[in-house]
Amino acid sequence: MATRGFAVYETAIGHCGIAWDEQAVIGSQLPEGGEGPTRARIARRFPGAVEQEPPAHVRRAIDAVRALLRGEDPPELTRVPLDFSRVPPFHARVYEVALGIPVGRTMTYGEIATRLGDPGSARAVGQALGSNPFAPIVPCHRILAAGGKKGGFSAHGGTRTKLRILEIEGVHVEEPTLFDL
């Protein structure tokens with residue numbers, strides 16, 4: 001069995017977590033409201049993983065996430081080795097499409113479904129993104145509901161967290177006004 005480790009690290013939006021094996025990142029975690037809750041969540045998600053100093057491939061991922069959450073566009077983030085073997089094949093396909101969305105851009109659930117060749121699967125795309133084990137490396141925050149509405153977000157803080165990350169990236173999601181309703 002491959003060595004599994006995890007680390008919790010500080011970013012501009014709070015403490016994130018990351019888990020890995022010898023080959024790839026097996027999970028990433030947005031802040032859970034503090035260092036302790038983030039540590040507890042990542043430890044629950046990856047039982048048997050030991051908190052330790054990250055190896056080089058994971059340090060590069062951490063540096064890229066920190067840069068992203070400071071408003072930079074780190075090209076290394078799209079090259080982070082991710083272990084998709086632990087997710088259903090459809091989810092992996094959704095995550096691959098999401099990885100191709102550049103910083104500062106968004107897509108809708110329906111656009112991803114269409115890109116996958118199954119335009120009727122927008123809801124399934126949303127479910128896959130709701131269980132994204134690699135946030136924010138796989139940028140599920142960049143996927144919006146139809147009409148550019150914010151849609152849901154399963155990370156701690158919900159859509160507030162999603163909107164905060166999008167604002168850091170220079171994307172401003174407009175809420176409907178009384179005249180739009």
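**Strands and helices, word by word**

Tutor: Let's start with a hairpin: strands S2 and S3 form one, with four residues between them. This is a predicted model, where local features need pLDDT of at least 70, side-chain atom pairs count only at pLDDT 80 or more, and totals for chains, interfaces and linings use all residues. Residues are numbered from 1 along each chain as its sequence is written, and side-chain values use heavy atoms, leaving out hydrogens and water.

Student: What makes S2 and S3 a pair?

Tutor: Two strands pair if DSSP finds at least two bridges between them. S2 (residues 14-20) and S3 have four bridges, in the antiparallel sense. Alanine 19, for instance, stands opposite glycine 27 in S3.

Student: Why is S3 called mostly covered?

Tutor: Buried means under 20% relative accessible area (exposed is over 50%, partly exposed in between, with a 1.4 Å probe and protein chains only). In S3 (residues 25-29), five of five residues are buried.

Student: Why are helices H3 and H5 called roughly perpendicular?

Tutor: Angles of 65 to 115 degrees count as roughly perpendicular. H3 (residues 89-99) and H5 (residues 122-130) pack at about 85°, with axes 9 Å apart, so they are roughly perpendicular to each other.

Student: Which residues of H3 and H5 meet?

Tutor: Contact means heavy atoms within 4.5 Å. Phe90, His91, Val94 and Tyr95 in H3 meet Ala124, Val125, Gln127, Ala128 and Leu129 in H5. The residues of this contact divide into seven nonpolar, two polar and no charged. Nonpolar covers Ala, Val, Leu, Ile, Met, Phe, Trp, Tyr, Cys and Pro; charged covers Asp, Glu, Lys and Arg; the others, Gly among them, are polar.

Conventions
Axes fitted to C-alpha atoms, helices over the stretch in contact; angles between N-to-C directions. Helix = DSSP H or I, 4+ residues; strand = E, 2+ residues; numbered from the N terminus. Parallel < 35°, antiparallel > 145°, perpendicular 65-115°, else oblique.
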